[in-house]
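Subject: Structure handover

Hello,

Here is the structure you were going to look at. My notes on it follow below.

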Amino acid sequence: MLLVVGWLGISLVLTGESIEDSAEAAPPVVRENTLPYNKDWLEVHWVLRTKCSGCHRPNSGQHDFSTYEAVMADGEFTGEPIVIPGLPEESLLWKYVNWNHAFDPDSNAPERPEMPPDDKGEWLSKGQLETLHRWIESGALEYVLPQTCDTSPLLETDFISARECAQCHPRQYEEWSRSMHAYAQHSPVFEAFTLTMVERTGGTIGTFCTRCHTPIGVSIGENASMRNVHRSRISMEGVTCVVCHRLEKPFYKASGRLPVTPGLLRDGCMYGPFKDSVDPDGSGHPAEESAHLTKSSFCGTCHDVTNPVGVRLEEAFSEWQNSPAAKQGISCQDCHMGPIPGVPVKACDRPFGKVAVVPGIDPDMLPDRPLSNHSFVGPDYSMLPDTEFPYKLDWMYETDYRDTKNLTPHQKETLTHLRVRNRQQLAKARDLRFELLKNAAEIRVEHPREAIRNRRMKVHVDVVSKTAGHNFPTGFTAERQVWVEVIVVDPLGRTVFSSGDLDSNGDLRDEHSHQVEAGHLQWDRHLLNFQSKFTLLTVQGTERSVIIPVNRDLTPINVVRPNPAPAQSFGRPANFRVAKASLPPLDTMGNTYPVRLGECAGPHRLRVRLNYRNLPPALFDKIGIPHLKHLIETVVIDEYESVIDVR
């Protein structure tokens with residue numbers, strides 16, 4: 001007998017005769033997956049929550065859209081389901097939201113949808129309609145994980161969007177939308193700065209920066225290198241509503257990484273400043289008081305920042321703790337959430353009104369509350385186009401709105417309305433920002449009324465802080481500039497003296513000016529600038545100021561490691577620090593300017609300004625966005641002008 005083993009079978013050869021029989025492996029046993037699974041449900045549910053849940057909530061008399069089970073249940077009045085799996089055209093949900101979005105003359109779809117009824121900008125976009133149709137046609141299944149998954153990953157839909165809150169809290173949503181909390185991750189400067197820091201630290205900086213600017217994005221696993229165009233929608237909401245209102249207990253830590261509780265609106269409690277929550281028909285969300293929400297320590301979680309090496313990058317909360325405001329019981333919220341930016345107003349002294357406007361509920365059934373301004377007024381502002389912030393339409397994520405020739409009449413109309421709405425909101429934010437800065441500081445100028453030619457005269461300028469709660473400026477003070485500009489001009493229009501003027505790049509004439517560094521301009525030795533500076537230790541033992549907070553002098557390939565010894569033991573980190581120059585609360589700091597007069601007699605014009613800008617042009621060059629430098633705005637906080645008679 002001869003046994004032949006082949007690749008596809010076994011042959012037995014006996015006495016000259018062969019019997020061939022093929023042996024094949026048994027097919028794998030695959031367990032049939034009976035779980036309801038359709039990833040389109042995540043998108044469908046997001047649309048229903050952000051556009052419909054204000055009216056379609058539990059116990060509201062309308063069909064409930066809050067959960068999958070509620071959506072698939074029979075209608076309360078019709079007794080029939082609004083979604084018929086496999087039959088989108090027969091489903092009431094589809095009939096209500098479908099419309100002729102492409103303006104196709106041969107389409108049988110209605111010219112406008114029945115829902116959402118009011119705002120054209122909320123009508124479902126082409127992509128949303130296609131997803132909804134595909135979801136119903138594919139069986140209207142849910143998205144769930146197998147029971148074998150013992151760890152459920154957090155998804156974008158596991159957190160509440162601010163657009164859901166807007167349906168019952170439109171006032172707060174409008175104010176928040178134009179705030180820097182909403183802008184936190186949108187900022188092109190922050191995005192470029194973060195990417196620069198990631199590159200210069202070999203990625204070891206991790207999510208240290210983004211965890212305050214997009215807490216939800218970090219929670220769902222987005223890393224620091226991810227570009228904004230690839231981030232989720234909830235991530236781009238920055239410091240959104242649930243970041244503050246879903247903290248179950250006080251979080252007494254700095255540098256962010258907030259433990260935000262996931263879950264749909266009615267899966268958990270929303271915390272606010274009021275003890276007696278009101279829910280007239282039982283359709284609202286659970287609510288409880290959080291005293292921590294009204295304290296400065298709540299803000300200190302993100303507004304006190306110390307990096308892993310021990311460098312204190314931001315000290316707004318620490319400054320408040322040692323300020324006159326803290327001794328007087330004035331909190332951050334009193335100044336930054338009150339009716340007058342920069343002026344403390346207690347909650348009991350604020351205007352009263354409705355904090356919620358619930359569809360289907362008589363407003364008289366809801367109490368009047370002291371109103372807090374959710375603009376969180378600060379000194380920063382948006383550098384995005386007026387089509388990108390504060391609001392953006394859903395169809396703009398699917399269509400290039402810059403190509404107006406290919407836009408439908410609906411898209412053109414809603415885009416125009418969007419621009420008008422955004423410009424109105426940005427104008428409000430601008431007025432509030434200017435008011436805050438005007439309430440922050442002032443200048444006092446002393447000078448002679450008469451002077452003699454070819455001699456020196458002295459001009460003294462004091463900057464007086466009117467801010468009781470923290471230094472001026474505060475926050476990321478190594479990039480914020482507050483400086484005094486002094487200009488003296490003779491009768492012929494020639495500049496006799498100048499300090500606080502700018503180079504051709506728009507930078508102050510200090511160590512960060514390229515023209516000063518290259519020797520093309522003289523260093524401004526009389527400059528009074530309250531900007532703190534990143535200061536590093538060089539290999540020669542001396543220090544120098546830098547723009548980017550990474551010490552490459554000592555370690556060219558920099559890796560961020562936790563400090564081996566407490567920086568507090570030495571009073572400062574080992575090789576890097578922030579040299580503070582900001583003005584303490586309610587303090588006065590000044591400078592005397594020696595003005596050398598020339599031969600020209602006659603009236604000389606003196607102009608003194610206290611200027612502010614949140615970012616210097618040199619930073620934009622360092623982080624690769626020089627094309628945005630024209631958007632940097634200088635605000636004149638206070639100004640003084642006079643004439644000096646020179647004889």
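Which residues does UniProt list for "domain: Cytochrome c-552/4"? The unreviewed entry gives residues 164–245; UniProt positions are in the numbering used here, feature names are shortened, and annotations may be inferred rather than shown by experiment. In the model, the end C-alpha atoms of residues 164–245 are 14 Å apart, and the span is 51% helix and 0% strand. Helices (H or I, at least four residues) and strands (E, at least two) are DSSP runs, numbered from the N terminus.

Two points on how to read the values. This is a predicted model, in which local features need pLDDT of at least 70 and side-chain atom pairs count only at pLDDT 80 or more, while totals for chains, interfaces and linings use all residues. Residues are numbered from 1 along each chain as its sequence is written, and side-chain values use heavy atoms, with hydrogens and water left out.

Domains

The protein chain is divided into domain 1 (39–138), domain 2 (381–439) and domain 3 (440–532 + 580–646); these bounds come from an automatic or database domain assignment. The centres of domain 2 and domain 3, taken over C-alpha atoms, are 34 Å apart. Nine residues of domain 2 and 14 residues of domain 3 make up the contact (heavy atoms within 4.5 Å).

Together, domain 2 and domain 3 bury about 990 Å², with 52% of it on carbon and sulfur atoms. Buried area is the accessible area (1.4 Å probe) that two parts lose on being put together, summed over both. Of the area that domain 2 buries against domain 3, 60% comes from Tyr381, Met383 and Leu437, more than from any other three residues.

The rule finds two salt bridges across this interface of domain 2 and domain 3 (a side-chain nitrogen of Lys or Arg within 4 Å of a carboxyl oxygen of Asp or Glu). Separately, the side chains of Arg430 and Glu633 form a salt bridge at 3.2 Å, N to O.

Loops and backbone

Met115 and Pro116 are joined by a cis peptide bond, with omega about -10 degrees. Pro116 is in the loop between helix H3 (92–97) and helix H4 (126–137). Another cis peptide bond joins Phe472 and Pro473, with omega about -5 degrees; Pro473 sits in the loop between strand S12 (456–465) and strand S13 (481–489).

Ser255 has a phi near 65 degrees, a positive value in a residue other than glycine. Ser255 belongs to the loop between helix H11 (241–245) and strand S4 (270–272).

Gln515 is part of helix H17 (residues 514–517). Beyond its neighbours within four places in sequence, Gln515 is in contact with Asp503, Ser504, Asn505, His520 and Leu521. Pro491 is 24 residues from Gln515 in sequence and 29 Å away in space, C-alpha to C-alpha.

Regards
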